[in-house]
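Trainee: I would like a close look at the charged side chains of this model and how they pair.

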Amino acid sequence: MGAETILSHTEHIPAWGDLTLTLKGELAHATKTPKLPDEISGPLAWNPSTFESDADYTITLDDRETKEVRSALSHFNDLDLSGSEVSTTTFPLPTLGPKLRQAAEDVHNGKGFVVVRGIRDMQPGEFSPEDKIIIFLGISSYIAGARGRQDENGNMLSHIRNAKLSKTPQSQRPTRYSSRASTFHTDTFCDILALQSRSNAMEGGATLVSSTWTVYNKLQKEHPKLCELLAQPIWPFDSRGSFFPCSTRPLLYHHDGKVMMNFAREPLLGLEDVKRKAGLPVLSQEQKNALEIVERLATEGQISINTEPGDLLFINNHGVLHSREEFTDAVENPRYLVRMWLKNEELAWDLPEDLQYGNSRIYDRDNGLGERWNLADTPRIEFAVAERLTS
């Protein structure tokens with residue numbers, strides 16, 4: 001997949017595929033462009049008018065189903081197992097389970113996302129923090145049973161909230177520890193992004209989703225040359241730490257009949273107060289313009305998901321871009337989400353070679369990272385560069 005060395009000044013960039021890029025002031029175009037379809041169709045090619053209301057993508061549990069979840073929680077706790085052993089067997093949902101398995105099909109082969117609503121405290125403090133994680137694990141096991149590490153420490157959970165004790169300026173924090181808006185992106189190499197809503201912001205903070213397929217179709221119609229640019233292996237991702245090495249790869253793929261994006265701004269554009277890693281070029285103006293156009297098209301096609309406490313949101317990370325609004329917290333019960341990265345071994349999309357290594361780093365049991373079940377939210381004060389460069 002590497003570009004041919006056709007100019008006098010070349011520089012070697014670390015990548016999974018050992019790709020050599022050609023530089024001459026700005027990044028030169030790769031000489032080979034993959035053949036892309038003029039349009040891709042299917043239920044994932046949705047837009048805001050596709051949905052009459054949030055009921056079109058929400059499973060709202062009735063009284064019988066919520067009782068079943070509570071019964072499954074009691075059953076699991078009686079087994080005296082660890083949280084990593086939550087499964088469809090140890091968290092039985094005989095009535096709700098088939099509905100959740102159908103939702104898994106929809107996440108992988110339908111619209112690409114689903115909300116599960118109705119799991120919340122009937123009275124304050126009914127569920128302990130541990131119980132909430134067990135419920136999250138139990139329901140999500142019917143969507144996708146494999147859970148991934150989210151950093152080099154093997155953390156299986158991310159606690160997403162504004163780090164109020166930190167004196168670090170908002171602009172110098174990872175987005176997930178700030179109250180600022182994010183741009184549209186995908187979460188590194190995971191298959192399914194799963195979010196559990198614990199509490200909402202006083203104002204703002206909604207999760208926004210946009211169809212990658214719709215963005216692609218608009219690009220092909222309005223900016224076909226940009227599709228070719230996005231599909232070239234000339235996009236240098238900065239990374240720090242030992243979780244993911246720096247790599248240079250496409251942002252857009254057409255693989256196994258599906259269009260998918262692997263897309264995030266921070267590792268491509270860098271950070272204002274942090275130098276790019278040695279050997280990584282800056283983006284050309286053409287590349288920067290392409291990112292802006294993708295952002296605009298994703299924003300035009302976005303829908304806002306206003307979750308309620310207890311809601312679970314599952315997103316196909318390869319087929320749906322996501323972002324979030326800026327928010328203002330209340331003094332009590334600030335905005336708080338818990339994140340997992342999931343994989344359904346039977347339904348998972350086949351990935352292009354460029355994405356397989358990162359995916360295996362997340363999900364393979366023998367990747368040397370171990371598993372750390374960080375159930376409690378630890379207050380954050382300082383943030384590593386690697387955290388700021390990843391979602």
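Which kind of contact do the side chains of Asp-106 and Lys-111 meet in, and at what N to O distance?

Mentor: This is a predicted model, in which local features need pLDDT of at least 70 and side-chain atom pairs count only at pLDDT 80 or more, while totals for chains, interfaces and linings use all residues. Residues are numbered from 1 along each chain as its sequence is written, and side-chain values use heavy atoms, with hydrogens and water left out. The side chains of Asp-106 and Lys-111 meet in a salt bridge at 2.4 Å, N to O, the term standing for a side-chain nitrogen of Lys or Arg within 4 Å of a carboxyl oxygen of Asp or Glu. Both Asp-106 and Lys-111 are buried, where buried means under 20% relative accessible area, exposed over 50%, and partly exposed in between (1.4 Å probe, protein chains only). The structure holds 21 salt bridges, and another of them joins Arg-380 to Glu-387, with the closest N and O atoms 2.8 Å apart. Here Arg-380 is partly exposed because its relative accessible area is 23%, whereas Glu-387 is buried because its value is 16%. Elsewhere, salt bridges that share partners join Asp-54, Arg-117, Arg-120, Glu-308 and Asp-311 into one network. Within this group, the side chains of Arg-120 and Glu-308 form a salt bridge at 4.0 Å, N to O. Arg-120 counts as partly exposed because its relative accessibility is 41%, and Glu-308 likewise counts as partly exposed because its relative accessibility is 33%.
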